[in-house]
Amino acid sequence: MEAHLHFVKDRPLGLTLDRPIIISGPCSAESEEQVMSTARALAALNRVHVLRAGVWKPRTRPSAFEGMGRPALAWLRKAQEATGLPTAIEVANSRHVEQALAAGISILWVGARTAANPFAVQEIADALSGTDVPVLVKNPVNPDLELWIGALERINKAGISRLGAIHRGFSTFERSRYRNKPNWEIPIELKRRIPGLPMICDPSHMCGSTELLQPVSQTALDLNYDGLMIESHIRPAEALSDAKQQLTPAELGTMLSRLVYRHESIDDVLTRTKLVELREKIDKIDRDLLEILADRMSVADEIGQYKKDNNITILQSTRWDEIVRNRMKVGLEKNLSAGFVQRLFEIIHKESIDHQSRVMNIVTSVEATPLPDTTDPVA
Ligand code: PEP
Ligand code: MN
């Protein structure tokens, strides 16, 4: 289904900002002192545009710290006045929206757990109706693009036109190097479906530790994201939530200065020409690849015919083991990653088997089909 959203494209979040927009602050607002000192240190970097903090925290288990609630709103307000930084918090129900707006919070976001629940998103949308506060919608915890679009649509239908998305990764049961796997193809598809929608990456909740923050942020910038939301705490080790993934403001400053900021529009004609040339090369290689794959499949058809004629089974596992070993060796020599070679040949192999079985089964089924009953007048 087409997504029809009406939002302001040239001033994401209603703020005129240099891209990438940097949103930073602690996972949770814990005390006035913690909020003020983190905010002051972040503002001093001169790189941060928006101060974030969680006031109501959606925690997995009930015994965890669930946020300081309403009193924290006043600390954020104070930090905003002291630093000039607009503030952003998470809202998960209508009471949160009302209290946040009453406290003068500048930007609201819908968290990943809430985005997965259409009833909760609708309640938030209804509470937002008639206001013009900018709203960011995190991806739902599960990798469901339609649910993410649905949440954006609900907020947009309430009249919110300063809208954006936050990509924070998707939870999985398997162990992974990420706390929440990026699945970059999902936000890329969202950007394709809703062109111009501001897209912010939250590497903190993707990584779950500070280790991969820089490469993940770099990937987001290289994919032309509009901004980053990165958690920062004045004393990360003492944080009451997400202690492992928070940077000090100074560490954040260092990381931001190490990122490479590339431009989307290429002014340099020479560079542009070069890029066109390289893209043409890629187009040609892709055509060749498809040609070669089609050749491979017609050989598979011939093999299918041969196996059929000689009564040999399609799948011969020793042959498959040999293919995997051999292709892996060649692939690694050519600098292709083992995972890529493995996945590639699994797909190719599956398609070959489908081709072979089509050849074998079609012949079989034709043979097995009884001759038409010529006495039937309809036939
Ligand atoms: C957060 O931003 O602190 C948070 C709770 O994020 P998420 O909704 O992505 O889990
Ligand atoms: Mn957090």
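Q: Which spacing do the donors of the manganese ion (ligand 2) follow along the chain?
A: The spacing is C-x177-H-x25-E-x10-D. Donors are N, O and S atoms within 2.8 Å of the metal (3.2 Å for Na, K and Ca); water is not among the atoms, so sites may look incomplete. Here the donors are Cys27 (SG), His205 (NE2), Glu231 (OE) and Asp242 (OD), at 2.1 to 2.4 Å. Cysteine 27 sits in the loop between strand E1 (21-25) and helix H1 (32-44), and glutamate 231 in strand E8 (residues 227-231), so this pair ties together parts 204 residues apart in sequence. Helices (H or I, at least four residues) and strands (E, at least two) are DSSP runs, numbered from the N terminus.

Q: What kind of model is this, and how are residues numbered?
A: The model is predicted: local features need pLDDT of at least 70, side-chain atom pairs count only at pLDDT 80 or more, and totals for chains, interfaces and linings use all residues. Residues are numbered from 1 along each chain as its sequence is written, chains are lettered from A and ligands numbered from 1 in the order in which they are written, and side-chain values use heavy atoms, with hydrogens and water left out.

Q: Are cysteine 27 and glutamate 231 buried or exposed?
A: Buried means under 20% relative accessible area, exposed over 50%, partly exposed in between (1.4 Å probe, protein chains only). Cysteine 27 is buried, at 2%. Glutamate 231 is buried too, at 1%.

Q: Which way do the residues of E3 point?
A: In a regular strand the side chains alternate between the two faces of the sheet. In E3, Thr87, Ile89 and Val91 point one way, Ala88 and Glu90 the other. Five of the five residues of E3 (residues 87-91) are buried.

Q: In which sense does E3 pair with E4?
A: Two strands pair if DSSP finds at least two bridges between them. E3 and E4 (residues 107-110) pair in the parallel sense, over four bridges. Valine 91 has valine 110 as its bridge partner. From E3 the chain crosses through helix H3 (residues 94-102) to E4, a right-handed β-α-β crossover. Right-handed means that, with the strands pointing away from the viewer, the path from the first strand over the helix to the second runs clockwise.

Q: Which side-chain atoms lie 2.6 Å or 2.8 Å from an oxygen atom of ligand 1?
A: A polar side-chain atom of arginine 168 lies at 2.6 Å. For arginine 113, a side-chain N or O atom is at 2.8 Å. Glutamate 231 has a side-chain N or O atom 3.2 Å from an oxygen atom of ligand 1.

Methods. Polar contact = N/O pair within 3.5 Å; in protein donor to acceptor, adjacent residues only side chain to side chain.
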